[in-house]
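Dear colleague,

I am passing on the structure below, together with some notes on what turned up when I went through it. Please read the notes with the coordinates open beside them.

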Amino acid sequence: DACNRCQTPKEDAVVERTLQAPPSTRPGRPVAGVDGNWACTLCDNVNFAMRDACNRCQTPKEDAVVERTLQAPPSTRPGRPVAGVDGNWACTLCDNVNFAMRDACNRCQ
């Protein structure tokens, strides 16, 4: 048996793997929204959940998080069209709502 990528025999690969240092237990950079980590609204620094204030600008966590939750995130996808909004229209045959750019219904024509 050998590795299908590098063709190293199984016995050699297992021995080499056990000689390597164990993975670090030190956490990397925090990710906003994961495990309670939070992003500061003033400087966009992502802080670990244990912090009560931003470690970059010292804004208190309560202020930074409250401001962030009051702001609506910008939409990157247009989503479903709404009839009558921005020229979107409803098909008279099947009631599908189409984006204004369409000349024919994308469901029934």
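Predicted model: local features only at pLDDT ≥ 70, side-chain atom pairs only at ≥ 80, totals over all residues.

Residues are numbered from 1 along each chain as its sequence is written, and side-chain values use heavy atoms, with hydrogens and water left out.

For the chain as a whole, 16% of the 109 residues count as buried, where buried means under 20% relative accessible area, exposed means over 50%, and partly exposed lies in between (1.4 Å probe, protein chains only). The chain exposes about 9100 Å², and carbon and sulfur atoms supply 52% of that area; accessible areas come from the Shrake-Rupley method with a 1.4 Å probe, and for residues only the protein chains shown count as cover. Among contacts between residues at least 6 apart in sequence, 8% join residues at least 24 apart, a contact being heavy atoms within 4.5 Å.

Asn96 lies in the loop between β3 (89-90) and β4 (97-98), and Asn96 is buried, with a relative accessible area of 12%. Leaving aside neighbours within four places in sequence, Asn96 is in contact with Trp89, Ala90, Cys91, Cys105, Asn106 and Arg107. Asn98, which lies in strand β4, counts as buried at 0% relative accessibility, and the side chain of Asn98 makes a polar contact with the side chain of Asn96 at 3.3 Å. A polar contact here is a pair of N or O atoms within 3.5 Å; within protein, one must be able to donate a hydrogen and the other to accept it, and residues adjacent in sequence count only if both atoms are side-chain atoms. Not counting residues up to four places away in sequence, Asn98 touches several residues, including Pro81, Asn88 and Ala104.

Asp95 also has its place in the loop between β3 and β4, but Asp95 is exposed, with a relative accessible area of 60%. Although Asp95 is not a glycine, Asp95 has a positive phi of about 65 degrees. Gln58, in the loop between β2 (46-47) and α2 (61-70), likewise has a positive phi of about 65 degrees without being a glycine, and Gln58 counts as exposed at 52% relative accessibility.

What is the count of disulfides? With a disulfide defined as a pair of cysteine sulfur atoms within 2.5 Å, the count comes to zero. The sulfur of Cys94 is 3.7 Å from the closest cysteine sulfur, in Cys105, which is too far for a bond. Cys94 is partly exposed, with a relative accessible area of 23%, whereas Cys105 counts as buried at 1% relative accessibility.

Finally, Val34 lies in the loop between α1 (10-19) and β1 (38-39) and is partly exposed, with a relative accessible area of 39%. The C-alpha atoms of Val34 and Ala49, 15 residues apart along the chain, are separated by 8.8 Å.

Terms used. Helix = DSSP H or I, 4+ residues; strand = E, 2+ residues; numbered from the N terminus.
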